[in-house]
Amino acid sequence: AAIVEHTFKVGGTNINQLCMNSVIYTANQELPGPTIEISEGDTLVIHAVNESPYPLSLHWHGVYQLRSGWNDGANKITQCPIQPYGGKFTYQFNVTGQEGTLWWHAHSSLLRATIYGALIIKPRKGPSGYPFPAPYEEIPILLGEWWNRNVDDVEHDGYLTGLGPQVSDAITINGMTGDQNSCKGSSMYEVEVEYGKTYLLRIINAAVNVELFFKVAGHTFTVVAADASYTKPYDTDVIVIAPGQTVDALMNTTAPAGRYYMAAHIFDSKTVSIPFDRSTATGVVKYKGVPDYAPAAMPALPRHDDVVTAGKFYWSLTGLARPTDPVVPTTVDHNMVVSFGLDQAPCAPDQTKCRGFALVAAMNRNTFQFPDKVSLLEALYKGVPGVYSEDFPDFPPPVPGFRKATAVKKVNYNDVVEVVLQSEEYSRALGTENHPIHLHGFDFFLLAQGLGRFNPAMKSRYNLVDPQVRNTVAVPAGGWAVIRFTANNPGMWFMHCHLDAHLPLGLAMVFEVLNGPAPNLLPPPRVDYPKCRR
Ligand code: C2O
């Protein structure tokens with residue numbers, strides 16, 4: 001196993017997008033940021049230098065961080081931010097026991113709109129280690145969201161209005177909007193392919209607030225992995241992907257030689273009316289030898305609110321479940337129901353642009369509050385009192401109203417936790433929407449999902465044989481999903497909605513996993529571990 005080292009300098013970058021010049025904050029002047037490629041078993045060392053004016057942390061989304069929780073990068077949960085104007089921190093961790101497509105992103109404020117990249121973990125043996133025929137080439141496809149305004153201003157304004165950030169100005173494919181907007185000469189991602197080959201698309205939804213459909217005209221896919229866990233091959237002409245999720249799909253280039261549009265198109269379970277150019281990004285798959293000016297065919301896109309197509313994709317995947325893969329644990333130590341949603345609240349006095357009401361969110365009626373003096377992990381490790389409470393409820397309390405709290409659920413090392421994630425309609429006026437719930441520190445088995453209210457009779461639907469293994473599940477609007485995982489990793493592990501707009505509203509909770517017996521203890525943090533500034 002190797003040691004792979006990178007330096008990520010986060011700073012301002014000039015960019016021309018949608019016929020406007022702006023300054024955005026990126027890692028190493030790249031959008032998307034640098035691709036990290038390693039082999040399973042390697043150790044990653046990333047020297048982060050924060051030259052931006054904003055506090056920063058970097059999260060390695062989906063990496064277990066086994067006994068290296070100090071490096072998880074969840075702002076205020078596992079570290080305080082790296083200070084602006086020159087702060088530094090070196091992330092160092094080993095990546096063992098997982099392979100496939102993951103990604104990394106800023107985990108402090110809306111910065112993740114422009115600070116993200118692919119994290120690709122190859123099998124130790126190289127391409128012969130894939131449980132499918134080795135592809136001819138691999139193509140990372142990072143789907144993102146673009147705002148014309150400075151994203152920190154967008155976020156601040158979202159707080160002042162109480163309604164969260166405004167809708168983004170464009171969807172992007174590998175940082176580019178494509179040509180379906182009024183700005184002539186917009187940049188468009190294009191990939192050249194050869195006829196008669198198999199390509200592995202590593203698709204990442206790095207968009208901040210939207211689920212997406214992804215299609216390539218004239219081509220179909222075979223899904224072989226999701227969230228860096230192999231799936232049974234699943235044939236489809238559309239990929240559905242929620243923020244935080246990844247999908248690996250094989251694509252055969254057996255269409256007549258030509259140019260074909262790929263498109264990423266907003267999926268929203270609530271009917272929305274976002275204009276086409278703000279909800280659809282295009283790129284091009286071009287066959288070798290075909291001229292650049294040849295017209296391209298557009299794929300037939302599902303309607304924005306096509307919950308049937310989305311549900312079919314999300315619910316059809318199954319895990320590969322090879323004899324060597326972990327099996328679903330059968331005894332459960334903690335049964336939990338975590339219900340969550342959004343509600344209307346009175347405007348706070350400092351929400352000066354707020355009219356009528358502000359949005360607020362909760363899990364089991366706890367509106368998550370970030371600590372400010374010390375990270376939760378440091379508080380756990382050093383026994384700092386008064387930073388968090390261990391009273392996150394196992395079930396939704398029967399009382400109305402929300403409580404603001406930094407509440408964690410404490411479990412012992414190696415306990416098995418089952419959570420029914422129940423999407424709740426707290427407010428008629430707001431209705432419900434899909435919430436992609438992401439768990440740090442673990443993959444979970446996705447045992448079942450459904451519409452409406454979960455009840456114990458639905459346990460008969462659990463797939464205990466070959467469930468999907470994921471780190472992010474798109475819980476259907478007003479519906480439920482059941483996840484199960486083994487808490488085999490000491491630390492403080494965030495579980496939250498990966499629609500970034502919902503994070504500051506409080507749609508989050510934390511699992512506190514106590515140290516196991518040696519050698520499973522969490523070692524101390526590095527000397528450069530960032531301190532909170534008051
Ligand atoms: Cu991809 Cu807590 O995040």
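Predicted model: local features only at pLDDT ≥ 70, side-chain atom pairs only at ≥ 80, totals over all residues.
Visitor: What makes the radius of gyration of the protein agree with that of a compact globule?

Guide: A compact globule of 534 residues would have a radius of gyration near 24 Å, and the protein has 22 Å, so the two agree. The C-alpha trace spans about 65 × 55 × 50 Å along its principal axes. In secondary structure, the protein has 4 helices and 33 strands.

Visitor: How much of the protein counts as buried, and what share of the contacts joins residues 24 or more positions apart?

Guide: Of the 534 residues, 50% count as buried. Among contacts with a separation of 6 or more, 78% are between residues 24 or more positions apart.

Visitor: What makes strand 22 a mostly covered strand?

Guide: The cut-off for a buried residue is 20 or more other C-beta atoms within 10 Å of its own. In strand 22 (residues 358-363), 6 of the 6 residues are buried. Ala358, Val360 and Ala362 point one way, Leu359, Ala361 and Met363 point the other way, and all are buried.

Visitor: How do you know that strand 21 and strand 22 pair?

Guide: Pairing requires at least two bridges between the strands. Strand 21 (residues 334-345) and strand 22 are joined by 6 bridges and run antiparallel, so by that definition they pair. Asp343 is the residue opposite Val360 of strand 22.

Visitor: Which residues of strand 10 are buried, and which way do they point?

Guide: In strand 10 (residues 170-173), Ala170 and Thr172 point one way and Ile171 and Ile173 the other, and all are buried. Strand 10 pairs with strand 9 (residues 137-146) in the antiparallel sense, over 4 bridges. Thr172 is the bridge partner of Gly144.

Visitor: Why are strand 2 and strand 6 said to stand at the edges of their sheet?

Guide: The sheet is open and has 4 strands in the order 2-1-4-6, with mixed pairing. Strand 2 (20-27) and strand 6 (87-94) each have a single partner strand, so one side of each is left without a neighbour in the sheet. On average, neighbouring strands of this sheet are turned by 20° against each other, direction ignored. Within the sheet, strand 1 (residues 3-17) and strand 4 (residues 43-50) pair in the parallel sense over 8 bridges. Thr7 stands opposite His47 of strand 4.

Visitor: What puts strand 25 and strand 30 at the edges of a sheet?

Guide: An open sheet of 5 strands has the order 25-33-32-27-30, and its pairing is mixed. Strand 25 (408-411) and strand 30 (472-475) have a single partner strand each, so one side of each has no neighbour in the sheet. From one strand to the next, the twist averages 20°. Strand 27 (residues 435-439) is joined to strand 30 by 4 bridges, and the two run antiparallel. His438 stands opposite Thr472 of strand 30.

Visitor: How do you know that the buried residues of helix 1 are on the same side?

Guide: Val151, Glu155 and Gly158 are buried in helix 1 (residues 151-161). These residues cover an arc of only 55° around the axis, which puts them on the same side of helix 1. In general, an α-helix has 3.6 residues a turn, so residues three or four places apart point the same way. Gly162 follows helix 1 and has a positive phi, near 80°.

Visitor: What are the domains of the protein, and which strand gives the most to the side of domain 1 that touches domain 2?

Guide: The domain assignment gives domain 1 (1-127), domain 2 (130-317) and domain 3 (334-513). The C-alpha centres of domain 1 and domain 2 lie 22 Å apart. In contact are 30 residues of domain 1 and 33 residues of domain 2. Strand 2, strand 7 (100-106) and strand 8 (116-122) are the elements giving two or more residues to that side of domain 1. Strand 7 gives the most, with 5 residues.

Technical notes:
Residues numbered from 1 in each chain as written. Rg over C-alpha atoms; globule rule 2.2 N^0.38 Å. Buried ≥ 20, exposed ≤ 12 C-beta atoms within 10 Å, placed from the backbone. Contact = placed C-beta atoms within 7 Å. Axes fitted to C-alpha atoms, helices over the stretch in contact; angles between N-to-C directions. Arc of directions from axis to C-beta. Domains from an automatic or database assignment.
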